[in-house]
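Visitor: Can you walk me through this model? I'd like to ask as I go.

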Amino acid sequence: PPVRLCASSDLAEKGLAFVFDVLQWREPMRAFVLRFDGRVVGYLNRCVHVPSELDWQPGEVFDESGLYLICATHGAMFEPESGRCFAGPCQGAHLQRIPDDVIGDHVVLQHDVLSDFTDR
């Protein structure tokens, strides 16, 4: 069954991301969901250049303009809706999506929070 993460109303447009824990390849990692252009999207909180979290403070993943996601460590810039890196050391690579959805008033994962979200 889907796992509730947060109330949909907790995600302000271009605001703080909701950060939570998952397992990826049996390793604990952080992930986040956020709202951009009215849609909720979620990614592993891991830059594709070097394995470091994007946020410079918990949930702070947007750049100053609120238009792009930015890696606080290396400055890589990502499109929020696709996760594609368009500037920085990992240009053309993509953040890894997580299977999220909005059901009623809640943002949910379509798998157990402790599941492996790999595409193997």
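Visitor: Which cut-offs apply here?
Guide: This is a predicted model, where local features need pLDDT of at least 70 and side-chain atom pairs count only at pLDDT 80 or more, while totals for chains, interfaces and linings use all residues. Residues are numbered from 1 along each chain as its sequence is written, and side-chain values use heavy atoms, with hydrogens and water left out.

Visitor: Start with the core. How many residues does the largest nonpolar core have?
Guide: The largest nonpolar core has 18 residues, and F32, L34, L54, V61, L69 and F78 have the most contacts inside it. A nonpolar core here is a set of buried Ala, Val, Leu, Ile, Met, Phe, Trp, Tyr and Cys residues joined through side-chain atoms within 4.5 Å. Buried means under 20% relative accessible area, exposed means over 50%, and partly exposed is in between (1.4 Å probe, protein chains only).

Visitor: What does L69 touch?
Guide: Not counting residues up to four places away in sequence, L69 touches F32, L34, Y43, L54, V61, F62, A76, M77, F78, P80 and L95. Contact means heavy atoms within 4.5 Å.

Visitor: Why is β4 called largely enclosed?
Guide: Because 5 of the 6 residues of β4 are buried, the strand is largely enclosed by the rest of the structure.

Visitor: And the turn of that hairpin?
Guide: β3 and β4 have 2 residues between them, and D37 in the turn has a positive phi of about 50°. D37 is not a glycine. With a relative accessible area of 57%, D37 is exposed.

Visitor: Where is K14, and what is its phi?
Guide: K14 is in the loop between β1 (3-7) and β2 (18-24). Its phi is positive, about 60°, although K14 is not a glycine. K14 counts as partly exposed, at 32% relative accessibility. Most residues other than glycine have a negative phi.

Visitor: Is R35 buried or exposed?
Guide: R35 is buried, yet has no salt bridge; E13, the nearest side chain of opposite charge, is 5.2 Å away. Lys and Arg count as positive and Asp and Glu as negative, with His and the chain ends not counted. A salt bridge is a side-chain nitrogen of Lys or Arg within 4 Å of a carboxyl oxygen of Asp or Glu.

Visitor: What does the R35 side chain reach?
Guide: The side chain of R35, a residue in strand β3, reaches the backbone oxygen of G38 at 3.2 Å. Leaving aside neighbours within four places in sequence, R35 is in contact with S8, L11, A12, E13, K14, V40 and F62.

Visitor: How many salt bridges does the structure hold?
Guide: It holds 2 salt bridges. One joins the side chains of D21 and R30 at 2.7 Å, N to O. D21 is partly exposed at 43% relative accessibility, and R30 is partly exposed at 31%.

Visitor: What does R84 pair with?
Guide: R84 forms a salt bridge with E79, with the closest N and O atoms 2.7 Å apart. R84 is partly exposed, at 30% relative accessibility.

Visitor: Changing topic: what is the strand order in the open sheet?
Guide: The order is β5-β6-β7, with antiparallel pairing of the 3 strands. β5 (69-70) and β7 (85-87) stand at the edges with a single partner strand each, so one side of each is left without a neighbour in the sheet. β6 (residues 77-78) pairs with β7 over 2 bridges, and the bridge partner of F78 in β7 is C85.

Visitor: What about β8 and β9?
Guide: β8 (residues 100-103) and β9 (residues 106-109) pair in the antiparallel sense over 4 bridges. D100 has L109 as its bridge partner in β9. The two strands form a hairpin with 2 residues between them, and G104 in the turn has a positive phi of about 60°.

Conventions:
Two strands pair if DSSP finds at least two bridges between them. A polar contact is a pair of N or O atoms within 3.5 Å; within protein, one must be able to donate a hydrogen and the other to accept it, and residues adjacent in sequence count only if both atoms are side-chain atoms.
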